[in-house]
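Let us take a walk through this structure together, one part at a time.

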Amino acid sequence: MSARIIDGKAFAGGLRARIGEVTAKLKAEHGLTPGLATVLVGNDPASEVYVRNKGKAAKELGFNSFNFPLPADASEAEVLARVEALNADPSVHGILVQFPLPKQVREEAVLDTLDPAKDVDALTPANAGLLVGGRAKLVSCTPLGMMMLLKEYVGDIAGMDALVIGRSLLFGKPAAQLLLAANATVTMAHSKTRDLPAVSRRADILVAAIGKPEFVKGDWVKPGATIIDVGINRVSAGEGKTKIVGDVAYDEAAQVAGAITPVPGGVGAMTIVCLMRNTLIAAAMQRNIALPEI
């Protein structure tokens with residue numbers, strides 16, 4: 001068996017085109033340009049790349065893009081003051097504070113300050129609670145991308161056994177809620193789970209988001225299962241070079257699975273475009289404008 005490749009990059013391209021069309025219509029009919037603001041504290045190289053890519057994507061779609069860099073030694077009060085200013089700015093419809101933050105700035109303080117209506121990463125307590133209640137309008141970007149790919153490549157997942165390895169606020173917990181809402185039977189696994197290989201072998205949908213390169217082996221996979229690999233890990237490729245791998249041993253797993261996301265080019269390709277989708281939705285909601293399904 002050789003698994004079907006779940007092409008997140010191709011799907012993201014189609015979604016990006018639809019977002020561009022709706023954005024142009026929003027401007028033409030309502031004079032509204034979505035605005036995305038990013039706040040980057042410090043100069044972590046990976047975070048700088050992420051923020052730069054988000055700003056580039058926003059501009060390509062015709063959004064207003066604002067970036068607010070703060071020094072690595074910025075106080076929590078300074079960061080919160082910036083967030084409060086963006087909360088009050090009517091030209092900003094989406095705010096993304098890039099995590100991780102320096103140790104002197106508490107992530108929970110930032111999330112408690114951020115206006116839920118502008119929380120395009122959907123991490124505030126208010127948006128997390130709405131997700132649990134099945135009422136969320138803004139959904140965490142990578143889990144949302146995962147669900148779009150499952151709908152496209154798998155279809156109806158009602159009744160399937162889904163395993164999420166990893167319980168982070170950013171991905172694992174919202175992913176489990178979305179799978180539940182789609183009527184899957186969901187198990188969450190983590191560092192304390194006993195006999196994880198045996199638990200994994202029961203899963204029709206295996207979602208790996210644990211941050212350990214090639215952690216999930218091929219003999220953990222139920223034949224025909226769908227694998228969603230959320231991991232992005234840089235490892236040595238020999239001769240001083242590096243490569244990006246996921247949390248799943250791809251070559252092994254692809255021989256057993258029915259469908260699998262590659263790394264790169266899988267679910268990670270969906271994250272930024274789903275952020276743009278959330279920003280567009282947030283802008284429309286703040287002006288009480290109804291949007292078509294995107």
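Predicted model: local features only at pLDDT ≥ 70, side-chain atom pairs only at ≥ 80, totals over all residues.

**A walk through the sheets, helices and salt bridges**

Leu163 stands opposite Thr187 in strand 6. Strand 5, residues 161-165, pairs with strand 6 in the parallel sense, and five bridges hold the pairing. In general, strands of a sheet pair through backbone hydrogen bonds, and they can do so in a parallel or an antiparallel way.

Six strands make up an open sheet, and reading across it gives the order 1-11-8-7-5-6, with parallel pairing. At the edges are strand 1 (4-5) and strand 6 (185-189), each of which pairs on one side only.

Two helices lie across parts of this sheet. Helix 7, made of residues 172-181, lies across strand 5, strand 6 and strand 7, and runs at about 165° to strand 6. Helix 6, residues 141-153, lies across strand 1, strand 7 and strand 8, and its angle to strand 8 is about 155°.

Look at strand 2, residues 35-41: four bridges join strand 2 to strand 4, and the two run parallel.

What describes two packed helices? In general, the angle between their axes and the distance between the axes. For helix 6 and helix 10, the axes come within 8 Å and cross at roughly 105°. Angles of 65 to 115 degrees count as roughly perpendicular, which makes helix 6 roughly perpendicular to helix 10. On the helix 6 side, the contact is made by Cys141, Thr142, Leu144, Gly145, Met148 and Leu149, and on the helix 10 side by Met270, Thr271, Cys274, Leu275, Arg277 and Asn278. Sorted by type, the residues of this contact between helix 6 and helix 10 are seven nonpolar, four polar and one charged.

Arg277 forms one with Glu293, and their closest N and O atoms are 4.0 Å apart. This pair links distant parts of the chain, with Arg277 in helix 10 and Glu293 in the segment after helix 10, 16 residues apart. Are these two partners buried or exposed? Arg277 is buried, at 11% relative accessible area, whereas Glu293 is exposed, at 74%.

Another salt bridge joins Arg106 to Glu76, with the closest N and O atoms 2.6 Å apart. Arg106 sits in the loop between strand 4 and helix 4 (107-113), while Glu76 belongs to helix 3 (residues 76-88), so this pair too links distant parts of the chain, 30 residues apart. Arg106 counts as partly exposed, with 45% relative accessibility, and Glu76 is buried, with a relative accessible area of 15%.

In the remaining pair, Asp204 forms a salt bridge with Lys222, and the closest N and O atoms are 2.7 Å apart. Asp204 lies in the loop between helix 8 (196-200) and strand 7 (205-208), and Lys222 in the loop between strand 7 and strand 8 (226-229), so the pair ties together parts that are 18 residues apart in sequence. Asp204 is partly exposed, with a relative accessible area of 22%, and Lys222 counts as partly exposed at 29%.

Finish your walk at Met285, which lies in helix 10. Met285 is partly exposed, with 35% relative accessible area. Leaving aside neighbours within four places in sequence, Met285 is in contact with Lys137 and Leu138. By contrast, the C-alpha atoms of Met285 and Arg82, 203 residues apart along the chain, are separated by 23 Å.

Methods. Residues numbered from 1 in each chain as written. Heavy atoms only, no water. Pairing = 2+ DSSP bridges. Salt bridge = Lys/Arg side-chain N within 4 Å of Asp/Glu carboxyl O. Buried < 20%, exposed > 50% of the residue type's maximum accessible area, 1.4 Å probe, protein only. Contact = heavy atoms within 4.5 Å. Axes fitted to C-alpha atoms, helices over the stretch in contact; angles between N-to-C directions. Parallel < 35°, antiparallel > 145°, perpendicular 65-115°, else oblique. Nonpolar A, V, L, I, M, F, W, Y, C, P; charged D, E, K, R; others polar.
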